[in-house]
Amino acid sequence: MKLPEKFENKMKELLQDEYDNYLQCYDEPRYYGLRVNTNKISVEDFLKIAPWSLTPVPWIPNGFYYDGDKIQPSKHPYYFAGLYYLQEPSAMTPASRIPVEPGERVLDVCAAPGGKATELGAKLKGEGVLIANDISNSRARGLLKNLELFGIGNMMVISEEPGKLVEYFPEYFDKILIDAPCSGEGMFRKDKKMVKAWEEHGPEFFSKLQRSIITQAAAMLKPGGMILYSTCTFDPLENEKTVEYLLETCPEFKICEMEGYEGFCEGIPKYVENHSEEYRKTVRIFPHKMQGEGHYLALVKKGDDNVEGKNEKPAKPKEGVKKLPEELEQFLKELSWDIDKSRLDIREERVYYMPENLPMLKGVRFLRSGLLLGEVKKNRFEPSQALAMCLKKEEYPRILDLPVSDDRVIKYLKGETLDVEDITSRKEKGWYLVCVDGYPLGFGKLANQTLKNKYLPGWRWMS
Ligand SMILES: C[S@@+](CC[C@H](N)C(=O)[O-])C[C@H]1O[C@@H](n2cnc3c(N)ncnc32)[C@H](O)[C@@H]1O
């Protein structure tokens with residue numbers, strides 16, 4: 001593979017006598033990875049049902065390699081049940097190394113298409129809030145789909161300049177992930193097109209953007225909160241020097257140690273002005289040292305714990321219990337969820353279940369705020385695809401559970417009407433949650449032993 005000369009010279013200086021080993025990686029195949037959605041299934045249970053051979057990614061507890069030349073896990077009903085996300089193994093590292101706890105407020109600043117946001121959402125386990133932002137509206141649409149497929153309801157998907165978000169979320173978040181737009185040098189092997197893009201916009205271009213994003217994120221972080229900054233590039237200007245810029249601009253930040261792995265390399269102090277050894281706590285991933293593509297990660301903390309955020313905006317006031325349309329009320333009673341009615345928001349026909357304690361967000365461009373529960377149409381309530389993906393089988397009373405071997409699973413995913421007489425003869429009519437091996441895929445409406453398909457048309461299985 002032909003690499004730009006300027007890039008080769010830089011890598012020689014960075015890697016010194018390891019440079020030849022690094023170059024050899026370009027003759028080796030890329031790695032394919034799959035990350036289990038632990039919000040829906042434990043790793044142990046997933047391995048019992050996974051039909052392929054999987055090898056653990058040693059530094060990611062829920063990550064696995066698969067043979068991408070032989071199998072296509074995106075063409076399997078379990079993918080449509082949101083049981084996993086397909087992601088290059090090194091790219092699994094940032095979300096696994098930021099310590100997110102259920103109940104926290106988390107921001108993913110550059111989130112599309114959601115490789116990291118889906119894991120952050122899974123770590124929240126339905127408590128707290130995930131704000132997933134991406135400046136590109138079209139990419140944010142893919143992000144929304146991936147979060148909904150993963151069954152993450154306590155979220156907002158926003159498409160804004162991070163600078164604008166500072167007005168709305170001053171010192172609001174406990175944890176922020178910045179998977180920064182970068183020159184992508186670590187991805188040259190995986191995607192040859194990245195070389196051409198690098199020639200158009202190199203490290204200098206991205207460095208300016210990264211400096212602005214990291215300082216804007218800093219203003220949205222609570223004192224005591226943490227930012228994980230990551231790139232998939234090697235250039236120190238986009239890595240150690242971006243972190244240095246943050247530390248100089250906001251001296252209350254310090255670099256933290258993150259959970260290690262024998263293949264990780266240390267950040268390189270010689271690239272920053274003061275040569276501080278602290279930069280060794282940041283992590284570089286090189287493809288000749290471990291089985292994944294090139295990455296950089298830094299975990300930083302703002303000041304001390306136990307300091308209250310100064311500027312937090314007041315939460316949107318609760319509006320109290322609303323009078324709900326009868327059909328909606330009826331439907332919600334059937335869910336085994338403990339619904340807080342003050343968090344229900346009905347906009348036109350659509351009903352949303354909002355995360356708690358959001359500030360006023362008038363003027364923010366968002367694609368979704370909260371979990372779309374469904375639509376009230378002419379006094380009928382139609383549950384949504386997103387709700388189906390958020391439910392566990394035991395949380396809804398009427399289930400049609402098909403084994404993965406049943407042809408009707410694919411038919412359902414293709415949007416076809418199903419004959420379900422054999423499994424519903426004694427059952428009443430109404431909304432059914434269709435599952436594969438116990439994991440929800442979507443809703444259908446039963447009448448006369450026939451299931452009218454309500455799978456979201458835009459998500460259908462394409463043959
Ligand atoms: C490396 S990708 C993110 C990948 C994503 N985190 C994932 O794991 O799937 C960088 C993203 O940053 C977005 N982006 C570029 N400039 C941005 C900005 N100023 N603010 C927010 N997002 C930006 C791009 O649209 C792109 O989707």
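1. Leaving aside its neighbours within four places in sequence, Cys232 touches Cys182, Gly184, Gly186, Met187, Glu293, Gly294 and His295, where two residues are in contact if their C-beta atoms, placed from the backbone, lie within 7 Å. This is a predicted model, in which local features need pLDDT of at least 70 and side-chain atom pairs count only at pLDDT 80 or more, while totals for chains, interfaces and linings use all residues. Residues are numbered from 1 along each chain as its sequence is written.

2. Cys232 lies in the loop between strand E9 (221-231) and helix H11 (240-249); helices (H or I, at least four residues) and strands (E, at least two) are DSSP runs, numbered from the N terminus. Cys232 counts as buried because it has 25 C-beta neighbours inside 10 Å, the cut-offs being 20 or more other C-beta atoms within 10 Å for buried, 12 or fewer for exposed, and partly exposed in between.

3. An unreviewed UniProt entry gives Cys232 the annotation "active site", and such annotations may be inferred rather than shown by experiment.

4. The ligand is surrounded by 17 residues, of which the closest are Cys110, Gly115, Ile135, Asp179 and Pro181; a residue is near a molecule if its C-beta atom, placed from the backbone, lies within 6 Å of it. At least two residues of this shell come from each of helix H6 (115-124) and helix H10 (203-220).

5. Ile339 sits in the loop between helix H12 (326-334) and strand E14 (344-347), and Ile339 counts as partly exposed because it has 13 C-beta neighbours inside 10 Å. Ile339 and Tyr353, 14 residues apart in sequence, are 8.7 Å apart in space, C-alpha to C-alpha.
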